[in-house]
Every structure is written in C-alpha cells, then in structure tokens.
Amino acid sequence: MAAAASLLEPTRFLSLPLPRSLPPRRGLLHLPTSSPLRAPRLRAQATTPRLPPSPSSSSPHALLSALKQSLLDSLAALKKPALALLLAGALLAAAAGPDHHAALAASGGRVGGSAFSSSRSSSSSRSSYGYTAPAPRGGGYSGYSSAPFYSASPFVSVGPAFGIGFGGSGFLLTLVGFAAFLYLGGFLGDSSGGGSVLTDTQKTTVLKLQVGLLGLARSFQKELDQIAEKADTSTPAGLSYVLTETTLALLRHPDCCISAYSTVDVKRSIDDGEKRFNQLSIEERGKFDEETLVNVNSIKRQKAGNQRSSGFSNEYIVITILVAAEGVHKIPTINSSSDLKTALQTLGGVPSSKILAVEVLWTPQNENDTLSERELLEDYPLLRPL
C-alpha cells in the first residue's frame with residue numbers, strides 16, 4: 001500500500017491547478033512556461049520579409065544570369081518594331097530594284113556602215129551647170145564692123161557713130177531671163193553649194209523604221225547575229241545585203257511584231273543627210289548599256305557582256321533600221337500590220353547603187369538578257385501598237 005501511494009503522488013501533483021504567473025520584472029524577458037523556447041524564433045522568421053541578396057554576396061554566375069534575362073526581356077519588347085523595320089527595308093529594296101535596272105538598258109547589237117565619203121567624191125567630179133555667152137550680134141546697120149556699146153537698159157543700144165538702135169537687146173534679154181530663173185529656183189527648189197538647182201535625184205533621204213517584237217522570237221535574235229557575222233559592211237553591196245536580210249527576217253515573223261514607228265527626212269545635200277543619220281544612230285546607241293556585238297565598216301567586236309537575268313524569260317525585242325539613200329524615198333506611217341509590211345518591202349527594195357548608209361540596231365542582243373515592258377515604254381515611247 002505504501003508503494004502504491006508513492007506512485008500516485010506524482011499524478012496528484014500534476015492534476016493540481018497551475019499558479020498565477022507573476023508579472024515580469026523590468027529588464028527580464030518573460031517566456032511562457034507552456035511554450036518551448038524555439039516557438040517565438042520560428043514566428044519571427046515567418047513574419048520577417050525576405051531581402052534580396054546584396055551584390056557583394058552574389059556569385060558571378062548569378063550576375064550573368066540576371067544580365068542575360070534582362071537582354072532577353074529587352075529583345076522581346078523590340079521584336080515587333082524590328083520586324084516592321086525589316087519588312088519596310090525589303091519593300092524599299094524591291095521598289096528600287098526596277099528603277100536600277102531601268103537605268104541600265106539591255107545589251108545591244110549593231111551592224112552596218114556608210115559610204116558618204118565615196119558618194120561625195122563622185123558627185124563633186126560631175127560637171128556642173130554653166131553658161132557660155134554667145135558672140136554679140138551686129139550693131140544693126142551695115143558698114144560698121146565695130147561692136148556696139150550697150151547702155152544699162154536692156155532695150156536701148158547706142159551705136160558707135162550715131163542714133164539709137166536695138167541691135168543687142170536679144171542678148172541682154174537672155175541674160176536677164178537666165179538670172180531670173182536662177183533667182184526663182186533658189187526659192188522653189190533646193191540648191192547645192194555650186195549654185196546649181198537640185199533635182200529629186202540629187203537630194204538625200206534618211207529613213208528610220210523601229211519595230212517592237214515579243215521576246216518569244218528568239219530565232220530572230222540568232223538571225224541578226226548571223227547577219228552581223230557574215231556581212232561585209234565596207235561595200236555598198238554588203239550594206240544592201242544587211243538591209244535586205246534584216247527586212248526579210250522581220251517579214252518572216254509577222255505574228256511577233258506588236259508595235260512600230262517610222263520617220264522620213266529629206267535633206268538638201270549629202271552632208272545634211274549624213275548629219276541626220278549620225279544623230280539618229282547616236283540616239284539609239286545611247287539606249288544600250290553596252291554593245292556586245294558590232295560589225296560596222298568591217299570593224300568587228302564581240303564580248304559576252306553582263307547578263308541581267310531576273311528569273312523571267314525575255315519579254316520584248318526592239319530593232320531599229322536606219323537607211324540613208326540618194327534621191328527621194330518614202331515609207332508609210334505605221335498604223336497597222338499592212339503598213340509595216342509595206343515599209344519593210346520598200347526598204348528592202350532600195351537599190352544598192354543608191355544606198356549611202358545602213359545601220360541595224362537591236363536590243364537585247366544576248367538571248368539570256370531581258371527587256372521589260374517598263375523599259376520598252378520608257379526608252380521607246382514612240383512605238384505604236386499594231
């Protein structure tokens with residue numbers, strides 16, 4: 001029994017009520033006896049805000065990661081404006097591309113020659129018109145062998161001894177009539193340097209025929225190349241060959257001819273005709289970026305050239321025929337395919353003896369080169385649709 005009482009004594013002690021806690025003394029920290037010492041420490045850690053680590057305590061790897069993240073955020077914010085700028089630049093480059101190609105015309109071919117100097121020398125050797133005054137007639141009265149003295153008037157003559165007579169009036173009338181004929185001829189007709197009156201055979205005509213073709217006529221380009229390689233452009237016969245073969249090649253491709261233009265200039269002299277011919281030739285040659293095939297006056301030159309292939313097939317071909325011939329020649333104004341056919345037949349029929357100069361120019365010469373519709377309209381605005 002004593003042992004059981006000793007075991008129950010602690011249990012009774014635990015069941016007694018706890019005494020009231022005394023007020024804490026100043027300067028001492030009061031801790032409840034019912035709470036463990038570590039509980040307040042855990043609450044303090046939970047309520048204290050977390051501060052970012054100081055830079056001095058951060059590692060280099062953390063700094064690089066933060067910088068990388070900042071750059072990525074900046075690039076993400078600028079992504080849309082950058083795409084817009086790239087798109088605008090691409091559009092501007094595409095818009096500027098055709099203008100650059102338009103400034104550089106396609107490659108060009110040129111074949112022909114001139115015989116102005118030989119024709120000029122032959123024409124200067126011809127005899128010019130002249131006048132030989134006839135011997136004066138007698139004074140009107142027999143018995144006087146001396147020639148009469150003529151006054152300023154063509155109708156009055158004064159004899160050597162006496163009176164007034166009309167014996168020399170016929171000669172003076174002839175002189176006045178011939179002078180009037182020459183004077184009026186200066187207004188009614190063209191005159192050359194020697195003072196003689198020009199007929200139609202002494203004038204010079206400069207003809208120009210320009211034709212636009214579809215780029216499908218690749219065989220036409222090859223025919224022109226063959227003509228330029230074979231022709232002897234130092235003789236009138238060779239120039240006639242170039243003219244005849246070129247007009248025949250165009251007549252063989254009527255379906256490819258889509259536009260044309262023609263001019264006729266009749267000049268007073270060979271010099272004026274040569275000047276006009278050279279002007280037209282330089283004007284057409286200035287539209288080429290480079291002449292890749294040349295045969296002029298038997299001077300031949302050929303080079304590959306820089307191709308401007310844009311991924312599209314050859315769109316258009318333009319050929320220009322220039323002819324200078326003695327006399328007056330005419331070709332119709334081109335308004336239809338029949339007018340073009342007539343003009344080609346007329347040019348091909350010019351006699352070789354009348355030809356002073358022939359030049360055939362075409363572009364593009366290289367079959368891999370292109371002539372776009374925009375270039376056709378800008379460089380050849382006078383072409384009229386057939």
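This is a short chat about a predicted model.

Colleague: What should I know before I start?
Modeller: It is a predicted model, where local features need pLDDT of at least 70, side-chain atom pairs count only at pLDDT 80 or more, and totals for chains, interfaces and linings use all residues. Residues are numbered from 1 along each chain as its sequence is written, and side-chain values use heavy atoms, with hydrogens and water left out.

Colleague: Where is T204 found?
Modeller: In strand β5, residues 204-214. Strands (E, at least two residues) are DSSP runs, numbered from the N terminus, as are helices (H or I, at least four).

Colleague: Is T204 buried or exposed?
Modeller: T204 is buried, at 0% relative accessible area. Buried means under 20%, exposed over 50%, partly exposed in between (1.4 Å probe, protein chains only).

Colleague: Now helices. How do α6 and α7 cross?
Modeller: Helix α6 covers residues 218-230 and helix α7 covers residues 236-251. Their axes come within 10 Å and cross at roughly 170°. Axes are lines fitted to C-alpha atoms, for helices over the stretch in contact, and angles run from 0 to 180 degrees between N-to-C directions.

Colleague: Which residues of α6 meet α7?
Modeller: F220, E223, L224, I227 and K230. On the α7 side, Y241 and V242 are among them.

Methods
Contact = heavy atoms within 4.5 Å.
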